[in-house]
Amino acid sequence: MKEHLTIVNHPLVQHKLTLMRERKTSTAVFRQLLREISMLLAYEVTRDLAMTTRSIETPLQEMESPTLQGKKLALVSILRAGNGLLDGVLELIPSARVGFVGLYRDEETLQPVQYYFKVPTELQDRKVIAVDPMLATGNSSVAAIDLLKGAGAIDIRFLCLSATPEGVARMKEAHPDVPIVTASLDEKLNNIGYILPGLGDAGDRMFGTK
Ligand code: URA
């Protein structure tokens, strides 16, 4: 991908995001919309995947037909909200390998601390798509990408629903080689790290925990 930041302005993406932002949208509807929007975002984030061809036989004749090149993609969910995006992306790319990164914020240092890390093998040979709906401060996203690079990943892209200018700048500074694909660039962070206007706590909204 050439651009560091891609905002997916497709009308269906924007329409669904509006519905997701609304306070009154129920957990069930939020989840359904998340699944749908994830598939549309997956379409965009994979737009430039390398292709090759292979010989196939149609019922009528042989042909050289396009097919994805290289090893299976690795999708990496940044827990826990990443799992909501992961489901829809996996529906579109069912043979992708899947990893998980768990991070929590240390209340004293305010720095992300790893509590879980399990990723597919041969990460260095795969395109990696890290998924997390909200790119807010960028702290956990940067830490997750640090861990993925530490595990060998070279070709990483980051997929989210909503990003802040602060989060994008933090990612660009730490990982200029990691393109970001988002449905929206929102206005800013509030003083407790929530995105404005945003959609609230993505994990709570998708899992109904509040
Ligand atoms: N995480 C969320 O779930 N929502 C925000 O607004 C910011 C971070």
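Where is the place of Arg80? Arg80 sits in the loop between strand E4 (74-78) and H3, and point 2 comes back to it.

1. A word on the ground rules. This is a predicted model, in which local features need pLDDT of at least 70, side-chain atom pairs count only at pLDDT 80 or more, and totals for chains, interfaces and linings use all residues. Numbering starts from 1 along each chain as its sequence is written, and side-chain values use heavy atoms, with hydrogens and water left out. Helices (H or I, at least four residues) and strands (E, at least two) are DSSP runs, numbered from the N terminus.

2. Please look at two peptide bonds. Leu79 and Arg80 are joined by a cis peptide bond, with omega about -5 degrees. The bond from Leu196 to Pro197 is also cis, with omega near -5 degrees. Pro197 belongs to the loop between strand E12 (195-196) and H6.

3. Two positive phi values deserve a glance. Glu122, in the loop between strand E6 (112-118) and E7, has phi near 50 degrees, a positive value in a residue other than glycine. Glu122 counts as partly exposed because its relative accessibility is 37% (buried means under 20% relative accessible area, exposed over 50%, partly exposed in between, with a 1.4 Å probe and protein chains only).

4. Next, strand E10 (residues 180-185), where five of the six residues are buried. Strands pair if DSSP finds at least two bridges between them. E10 pairs in the parallel sense with strand E1 (residues 5-7) over three bridges, and Leu5 has Ile180 as its bridge partner. Five bridges join E10 to strand E9 (residues 155-163), again parallel, with Phe158 opposite Ile180. From E9 the chain passes through helix H5 (residues 165-174) to E10 in a right-handed β-α-β crossover; that is, with the strands pointing away from the viewer, the path from the first strand over the helix to the second runs clockwise.

5. Gln14 lies in helix H1 (residues 11-21) and is partly exposed, at 26% relative accessible area. Its side chain reaches the backbone oxygen of Val8 at 2.8 Å. Leaving aside neighbours within four places in sequence, Gln14 is in contact (heavy atoms within 4.5 Å) with Val8, Asn9 and Ala183. The C-alpha atoms of Gln14 and Ala183 are 7.0 Å apart, although 169 residues separate them along the chain.

6. On to the interior. A nonpolar core is a set of buried Ala, Val, Leu, Ile, Met, Phe, Trp, Tyr and Cys residues joined through side-chain atoms within 4.5 Å. The largest has 33 residues, of which Leu34, Leu41 and Leu159 touch the most other members. Helix H2 (27-45) gives the most to this core, with seven residues. Among the residues that Leu41 touches are Val8, Leu85, Leu159 and Ala183. A second, separate core of 23 residues includes Ala74, Leu123, Ile145 and Phe158.

7. Finally, helix H4 (residues 139-150). What span should its 12 residues have? The expected value is 1.5 Å times one less than the number of residues, so H4 should span 16 Å, and its end C-alpha atoms are 16 Å apart, which agrees. Its buried residues include Val142, Ile145 and Leu148.

Note on methods: Polar contact = N/O pair within 3.5 Å; in protein donor to acceptor, adjacent residues only side chain to side chain.
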